[in-house]
Amino acid sequence: RAKEKGQNIFCFYSQSLSHIISRKQMLEQHLHKAISRDELTLYYQPFIKLGKELKIVGAEALLRWNNKTFEDITATELIAVAEETGLIVPIGEWVLQKATADIASINPPRSFRIALNLSAQQFHNPNQLQTAILTALRESGLQPDQLELEITENNLLNLGAKTIHLLQWIKQLGIRLSIDDFGTGYSSLHYLQKQNFDLLKIDKSFIKDIHLKKSNRVLVDAIFAMSKTLGIEVIAEGIESKAEEEFLRQQNYGLAQGFRYSRPVPLEPFKILLDQQKERGYVRFPSSKDAP
Ligand code: C2E
Ligand code: MG
Ligand code: MG
Ligand code: MG
């Protein structure tokens with residue numbers, strides 16, 4: 001009997017394992033063809049300046065995949081597979097080209113910044129990334145300071161000389177550099193100061209219920225104090241409620257990104273928001289009016 005049971009258990013594990021493997025293999029196969037089949041797209045989520053009125057000062061481009069087999073895939077899972085397979089390099093180049101072309105096509109104000117996420121793997125071949133950046137700027141006509149490159153805090157660990165050189169090249173060109181998911185990794189103050197980062201994006205886990213959680217408040221206050229001294233801008237990611245926004249306002253913490261204002265949306269609805277702002281001078285979000 002015991003043996004029977006054991007066999008059943010074995011079967012169960014082996015079936016579930018092969019299921020996991022086949023989903024991953026299928027994902028890889030489909031993702032390989034995603035660019036050539038025109039299945040990738042970018043959504044845009046605004047960066048908001050919290051003044052008397054709300055103003056869009058930029059946006060983050062976020063990858064989405066239109067594929068019938070993997071309709072429900074999250075960006076996080078998609079990026080993980082892309083990184084494992086090395087597909088993140090061609091996909092990252094596509095993102096650079098597409099985000100700059102998209103944004104140039106909707107005639108943003110001169111001060112508008114388009115931000116996109118870089119993967120650490122894109123640093124492995126500096127020449128290739130440099131060429132992709134220069135091509136994207138040239139073809140779109142955007143100015144270097146309208147482009148912002150986000151690097152997660154964990155990717156900044158153990159930067160080699162080659163990568164430090166590359167970051168310096170990016171800065172010298174006038175492109176803005178930001179640290180993503182700040183607070184979740186281990187960047188030293190030394191790095192922050194030396195690499196001339198322009199922006200810190202505080203991870204949404206520290207923003208959630210900030211008006212209620214003393215531990216989050218203490219950390220966020222410290223980040224703001226530090227960045228002020230270093231002359232670095234800060235964005236709070238993941239603002240969902242009015243109470244969270246109020247906390248930021250009280251502290252004069254001026255930049256926000258989150259579902260309270262807008263989820264990431266396709267280019268067309270994003271253009272409508274920006275056009276509204278051009279006309280009125282500020283923007284109104286349907287969702288934030290009645291949000292808690
Ligand atoms: P991220 O760069 O930190 O992007 C912000 C994520 O937070 C987005 O998730 C966005 O939809 C989500 N978010 C924004 N506001 C809120 C909010 O108020 N509440 C909550 N709960 N979430 C909010 P998304 O689009 O699923 O992307 C997940 C991650 O995937 C990104 O995190 C980024 O690390 C990665 N990613 C997305 N697109 C790209 C890309 O083109 N290249 C690379 N290398 N990574 C990307
Ligand atoms: Mg990001
Ligand atoms: Mg983030
Ligand atoms: Mg993230």
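**Exercise 1. A hairpin and its neighbours**

Task: In this predicted model, find how many residues lie between β1 and β2 in their hairpin, and work out which other strand is joined to β1 by 2 bridges.

Solution: 
- Step 1. Begin at the turn: 3 residues separate β1 from β2 in the hairpin.
- Step 2. Look at how the two strands run. β1 and strand β2 (residues 54–65) are antiparallel and are joined by 11 bridges. One pair to find on screen is Leu50, which stands opposite Leu54 in β2.
- Step 3. Now search for the other partner. Strand β8 (residues 255–257) is joined to β1 by 2 bridges, again running antiparallel. Here Ile48 stands opposite Ala256.
- Step 4. Ask how enclosed β1 is. Of the 11 residues of strand β1 (residues 40–50), 8 are buried, so the strand is largely enclosed by the rest of the structure.

**Exercise 2. Two magnesium ions**

Task: List the residues that coordinate the magnesium ion (ligand 2) and the magnesium ion (ligand 3), then find which residue coordinates both.

Solution: 
- Step 1. Take ligand 2. Glu60 (OE), Asn117 (OD1), Glu150 (OE) and Asp180 (OD) coordinate this magnesium ion at 2.0 to 2.2 Å. Along the chain, these donors follow the spacing E-x56-N-x32-E-x29-D. Among them, Asn117 in strand β3 (residues 113–117) and Asp180 in strand β5 (residues 176–182) are 63 residues apart, a pair that links distant parts of the chain.
- Step 2. Take ligand 3. The spacing in sequence is D-D-x55-E. Asp180 lies in β5 and Glu237 in strand β7 (residues 233–237), so this pair ties together parts that are 57 residues apart in sequence.
- Step 3. Compare the two lists. Asp180 coordinates both ions, which are 4.3 Å apart.
- Step 4. Buried means under 20% relative accessible area. Asp180, at 5%, is therefore buried, and Glu237, at 9%, is buried too. Asn117 has 31% relative accessibility, so this residue counts as partly exposed.

**Exercise 3. The buried face of a helix**

Task: Work out which residues of helix α9 are buried and what they pack against.

Solution: 
- Step 1. In helix α9 (residues 242–250), the buried residues are Glu244, Glu245, Phe247 and Leu248.
- Step 2. Look down the axis of α9: these buried residues fall within an arc of 155°, so they line one face of the helix.
- Step 3. Recall a general rule: an α-helix has 3.6 residues a turn, so residues three or four places apart point the same way.
- Step 4. Name the neighbours. The buried residues of α9 pack against β1, α7 (204–207), α8 (214–230), β7 and β8.
- Step 5. Finish at the residue after the helix: Asn252 follows α9 and has a positive phi, near 60°.

Methods. Residues are numbered from 1 along each chain as its sequence is written. Chains are lettered from A and ligands numbered from 1 in the order in which they are written. This is a predicted model: local features need pLDDT of at least 70, side-chain atom pairs count only at pLDDT 80 or more; totals for chains, interfaces and linings use all residues. Side-chain values use heavy atoms; hydrogens and water are left out. Donors are N, O and S atoms within 2.8 Å of the metal (3.2 Å for Na, K and Ca); water is not among the atoms, so sites may look incomplete. Helices (H or I, at least four residues) and strands (E, at least two) are DSSP runs, numbered from the N terminus. Buried means under 20% relative accessible area, exposed over 50%, partly exposed in between (1.4 Å probe, protein chains only). Two strands pair if DSSP finds at least two bridges between them. The arc is that of the directions from the helix axis to the C-beta atoms. Contact means heavy atoms within 4.5 Å.
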